[in-house]
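Hello,

Here is the structure I promised to pass on to you. Could you have a look at it and then read my notes below?

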Amino acid sequence: MDDAVLVTTIGATPWYENFWVHLAIGAVVAIAFFFFFIVMYIWTERRVIGLFQGRLGPNRVGPLGLIQSVADVIKVMFKEDIVPDKSDKLLFWLAPFMAFVPVMMILAVVPFSENFQIVNLNVGILYVLAVSAISSIGVFMSGYAGNNKYGLIGGMRGLAQFISYEIPLILSLASLVLISNTFSVNGLVQAQTLPNILMMPLAFVVYFVASLAEISRTPFDIVECDSEIVAGFNIEYSSMKFAMLYLVEYGEAVVTSVLVATLFLGGWHGFFIDGPIPLIIKMVLVFLFILWIRATLPRLRVDQSMGFCWKFLLPVALVNLLFTAARMTFFPDLSNWIVIPASFVFTAIVIYLFAGLFKPGRKVAEND
Amino acid sequence: MSLRTEEFVVNVGPQHPSTHGVFRMRFTLDGEIVKDVEPIFGYLHRGVEKLMEMRTYKQGIPMTDRLDYVSAINNNWPYVLAVEELAGISVPQRAEFMRVIMSEMQRISSHILAVGSQMNDMGSFYTVFMYMFREREKLTDLMEMVTGQRMMYNYMRFGGVSMDFPAEFVPQLKKFIKVFPKYMAEYEDMLYDNEIFLARTKGVGCFKPEDAINISTSGPVLRSTGVDYDLRRDKPYSVYDKFEFDVPVGKNGDVYDRVWVRMEEMKQSVRIIEQALDMMPGGNRFCSKVPVALHIPEGFTYKEIESPRGMLGCYLESDGSDKPYRCHFRAPAFINLTALKTMLVGQKLADAIIIFGSVDLSMGEVDR
Amino acid sequence: MTKKIYEELQENCECARICGDYAEIVPDSLPDCALFLKDNGYDYLDMITASDHIDEFILTYTFKNLKDKDDVMLRASVSRENPEIPSLSNIWIGADFQERELYDLMGIIFTGHNNLKRIVLWDGFEGHPQRKDYKNVA
Amino acid sequence: MTRHFGQGMLKGMKVTLKNLIRGPITTQYPEQKLNLAKRERGISLVWDKDKCIGCYTCESACPHGSIHIETESTPVETGNTAPCVKKCPAHVDAAKYVRAIGQGDPSEAVAIIRERLPLPSVCAYICAHPCESACSRGSIDAPVAIRKLKRYAIENEDGSWMKNVKNKPASGKAVAIIGAGPAGLTAAYYLLRAGHKVTIFEDLPKPGGMMLVGIPRYRLPEDILMKDVKVIEDMGCEFKYNTRIEDPQALLKQGYDALLLATGAHEAGGLGVPGEEDPRVYGGAYFLKDVTFGRNRPIGDRVVIVGGGNTAIDCCRTALRLGAKDVRVLYRRTKSEMPADPLEVEDAVDEGIKFQFLVSPVKVYDENGQFKMECQEMRLGAEDASGRRRPEPIPGSNFVLDVDTVIPATSQYPIVPDSFGVTKDRSSRIQVDKEMATEVPGVYAAGDNVLGPATVIEAVAQGRIAASSIDKYLGGDGNIEEHLAKGLPLPEREGAPSSEYLHKFEYIDEERRHNTFDSVELSWAKEVAEAEANRCIRCDLKYPVTKYELKGGQCIYCSLCVESCPFDALYASNEYERATYTVKDQTLDKEYLGAAPKSSYFHPELDETLPEQTLLLNLDKDIPEPKEEAAEGEKKEAK
């Protein structure tokens, strides 16, 4: 199917082919998908982390506590909306939207199945990167606007982390684009006869770790770490605004797991059937892996996570881009059987070499 | 033009997730670096020492439970030893062993809380905390079996203990001791090799031995700096000279060593309990006959025991009536807190919270 | 059989009087007694406490020698009119909080203590609750 | 420096995965807890209406004053005997006579005493007062000074007990009693009351037996002893002094119908170490006997007494009064294990006698004129059968003492010559059955020669039993009960018994105490005695409790009250779950609790106000049968 041309004539095509109707249906489906999965993710997180920790997790509201997160959202809605007096009223009001809306906009580009995609942009990847940058501004804005010292520290940390992890993210996507020489997300998925994770494992590692930092999940959740700065950026918010900021965190989790699934695990390509079902399965698997990490690892310090990004992720991403470019120029049509083992070996070598750089803890008199 | 920066004061105040009780520290931060810390006490000051002067000796025992409520049984011991010495009461052998067993169990459950909340401060979202609390729950059940209470045991009396062990207690304790080291191995897997744990604790909050002695810290904080002093072995009270156990001593006084010392002490406590269970004489003499309102001749004494937080001492003065004339408790956590300034200044905010957590204080004992 | 350390203490600080297992000293000689002990291995200040005996306050200091596992106790009595005693907080930092607590609750002034304010009670509190004659003002 | 590239984190993640697979071992609900011993302490208190006598002990024991009691002022007779009466070998009704003194009637008190005890004045001075150790007031602060009150009674009585004495008609039978000790005199008193003719043969010149020779004069003045003996003499008893009977059974043929052997235990145990036959080793009992008759050998300045019983204390204080400068008592156990009466030990310490514990003699020898004793330090080892810890010698801890006299006061034993014709056990004590009868018909035995070295009150008790069985043997009905007391109304009491802690004994001045044998303790004035008597919480009466209230919010469940109650009327129930809700003040009562079997709560109607439990299993629904937690935990570990 060639690129859809922006046709604005009405009546020429049947109503279901009409662009605006198509857009409306797509928007409804995307928003439904987005909110449904946010609610499910909240429940999954509390339940799975509970099971990891040897306890039951919410099981009181509805069967297995499924309606628990819905109940939470409703409860939060009815809370009183407090606005701190010396806060910047406009920014305080605007921040949740600045944070929440971009996360939803990313879904516009995600191909749910072969021919169902809300907008088939041919510059999909650039669109995704651009939009996700805006939500980091929203986070900082909420931290600053609440006139609370903890919020300020949380906001500053968030900003530093988002910006520095943006670069390895872009570089790993760049190496992807090199392979399937198209910017459109659907094009990338169609190019993935074999899931990209096999072709580009190093890119996958960099992308996954960088996106973990983007959505500030353990081990990089220094933005909203409750043991040090109480609740980070959303400390002064309550009722609807807090609900939005709370959904931002899980919205970003949904979006990241969708992107990882589409870009690296082959989107709607499935063994037997193509379409949204394999995509959803992959998405949930990625989220469970994120939860597994969250249940185990402690969090890094601010400077350690910055150091990790600039000293480890960035060089690795650059080396990976170099390696991919070299491969594409000299042997563009190498068979997959050679490429996959080669890239895995390459990943192991690179990680082993760079690990020496990153010694945990300062230089201690004796060696442990 | 030079960027004008300004230090700002953050109240890590009484309501803060990781101050282990109602305790406030006024940090002056330069960005993330702590320039100055000023602890503020008094939120939990109930004037226990004044209250004890209005109560008879025996009515004072439940007051001592409320001092360090995390290891309640150990608080009774110095007070009971002091009264026994002044009044010349002899304790049957069986009661001595029962006291040792109960206080060692209390030491394990107190260290569990310390290490568990330490991991939680580092951000591993209660996972290790939950595993450890599963063990602490078994210990609390065992304690409840003997004393009937889960936290405020009020178990020791002058001349022995208040109740005999029920029949089901010893087999259950033996089963717990057999199973516990397996669980301990699990915690060690999660802690000792974890890169992020090493990064966050190795070399953080270093504390030299000379400082430790000068600031008269005691307990795991002192032993982690390399000073090998444990009251149970160096100034043995009760029947501790009958057991052989070794005292874990750290090397360079950082947070890692303090966590390591506490984990090792738990293992040593298990060893002590095993030996105590074998050596415990049979019979049912668990307390010598002492009147309720005991009248103690004039005199003063100072008795010390090794509580999980350090050297808990009771300075008791009697004037011949049935009420203590003066009863002062040397709270180890209160004095360990003087080390806060030397440890925290110059560290980052994230590290400051962890170092403060590693000092492991319980506010009931600090504010008295 | 009093400990050897007490004999040595008596020679150096002339005002120390040995009775049983503790030494009575004159308040002003506290710093040099403490320094003397510190040089002879008793470098760990264990505990400072005070008790109100109506016409005088008796202060008790205990020191530990961590190597030889030995304890020493010094006691000094201070009159009620001017409860002054030199502070040890410049020799031992550990004494800082304990002295502030005694100032706060017992009203004993430690001269030379650089930050002698109330530690447990709020600054506006008048009276020292640990004293025997403290009537509950509130 | 091992390279870290994430293998540590993977190890941690393996652990979390293992726990995920292991499934949730969440903390079980309390109901599912299996092996919770059924004895829980402080959750909710249950108060037993019929055991409680309203003595306010628990109210004073509570650290937070959260128990509030109101009782009626008029007591009710409960019929159960007070612990002090149960513990006294002669069952003297101590509770009753202390109450009589409290009501200001000492002569009535003497009448009550004399119903069970014919030698009140002697016992008022030297009784071993086992009743005080059983006094339930002792578990509160200090026991009531029952012996001292007895002394106050005999000093202020007007002898009105004589009025309702009833003598039985003369039965014409004659009884011979060997030994004028406490047992002999008691038996003589009751046999004379029963109408028999009694003659007492005593080989000492004066009556009293051990009371005369075994107990120094400063504890028991001679006139007090003679006061009791005179009562028995006035009843017509015939005393034959300085007559040593070798063959008592011959008396049966000389016109006596029954015979009582009350010869006591006068022989002193030796030191049990080599070199003890030296004259400077002076047996305890012989020393006291010689001092009583003023014929004791000189003991010099440095005297060492070995032993820890009452005899040792008597010897050391007597030696002090005879002018010895350095008196020292060696005992092989510690102070808390001394069998002597603690008050006596305190008096000895006040008089400047030095005590050395954990020491026992090894040998005694003479070194060019100076008498030396080698001793050894001991260490308390494991507890032996009697619960006392057996002293073990510490090798190489021997030290030598220069002494002038060594007085072994370890043990005494009776001498019963074979000519008495009765069977004896290994330590020559006469074998008697419950009726104090030996196997020879008509021959009875009582006192220390049956019990071995024992207290005066035990000898008196045996004397009573012997008297009633002899009376039965001689044809009487064996009932020797007497009813002398006229009976007083039960004392009123408002609120709690007086809580002041008296216990002030005055003594004569220091100088008289060291040199003379005058009685050491001064007697009490009227109001002091009555104040002490009103400290008694009257265990045999009951002040019914009208209101017993526990302030639920204020109680900290420390259960000091449960431990302080002398009558176990308070106990902690194990209603674990329900007590965790905030409980308003409840009036506690056992019937009330038992009313609703389902609701284990204090107030059944409070049940409705309880919020519906969400977290915990509903008690009414059947709780799933908890699987054997330990084994299942075991299975999981083993897997």
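Two residues are taken to be in contact if their C-beta atoms, placed from the backbone, lie within 7 Å. Please keep in mind throughout that this is a predicted model.

Let me begin with how the chains meet. On that criterion, the contact between chains A and B takes 33 residues from chain B and 31 residues from chain A. On the chain B side, the elements giving two or more residues are β1 (8-12), α4, α5 (127-147), α7 (195-201) and α14 of chain B. Helix α7(B) has the largest share of that side, with 6 residues. Sorted by class, the side of chain B that touches chain A divides into 16 nonpolar, 8 polar and 9 charged residues.

Which chains have the most contacts among the 4 pairs that touch? Those are chains B and D. Their contact draws 41 residues from chain D and 39 residues from chain B. On the chain D side, α1 (7-22), α20 (560-564) and α23 (629-638) of chain D each supply at least two residues. By class, the side of chain D that touches chain B has 17 nonpolar, 16 polar and 8 charged residues.

Some chains stay apart. Chain A and chain C do not touch, and their nearest C-alpha atoms are 25 Å apart. Chain C and chain D do not touch either, with 17 Å between their nearest C-alpha atoms.

Now to a helix pair inside chain B. Two packed helices are described by the angle between their axes and the distance between the axes. For helix α4 (residues 93-121) and helix α14 (residues 349-358) of chain B, the axes come within 9 Å and cross at roughly 175 degrees. Angles over 145 degrees count as roughly antiparallel, so α4(B) is roughly antiparallel to α14(B). From α4(B), the residues B:Ser117, B:Gln118 and B:Asp121 meet B:Ile353, B:Ile354, B:Gly357 and B:Ser358 in α14(B). The residues of this contact divide into 2 nonpolar, 4 polar and 1 charged.

Strand β10 (residues 326-331) of chain D pairs with β11(D) in the parallel sense over 4 bridges, and D:Tyr331 has D:Phe357 in β11(D) as its bridge partner.

The axes of α14(D) and helix α15 (residues 342-350) of chain D come within 10 Å and cross at roughly 25 degrees. Angles under 35 degrees count as roughly parallel, so α14(D) is roughly parallel to α15(D). Their crossing is left-handed. Here D:Asn310, D:Ile313, D:Cys316 and D:Arg317 in α14(D) meet D:Glu344, D:Val345 and D:Ala348 in α15(D). This contact has 4 nonpolar, 1 polar and 2 charged residues.

Best wishes

Notes:
Residues are numbered from 1 along each chain as its sequence is written. Chains are lettered from A and ligands numbered from 1 in the order in which they are written. This is a predicted model: local features need pLDDT of at least 70, side-chain atom pairs count only at pLDDT 80 or more; totals for chains, interfaces and linings use all residues. Axes are lines fitted to C-alpha atoms, for helices over the stretch in contact, and angles run from 0 to 180 degrees between N-to-C directions. Angles under 35 degrees count as roughly parallel, over 145 as roughly antiparallel, 65 to 115 as roughly perpendicular and the rest as oblique. Ala, Val, Leu, Ile, Met, Phe, Trp, Tyr, Cys and Pro count as nonpolar, Asp, Glu, Lys and Arg as charged, and the others, Gly among them, as polar. Two strands pair if DSSP finds at least two bridges between them. A crossing is left-handed if the near helix is turned anticlockwise from the far one by less than a right angle, and right-handed if clockwise.
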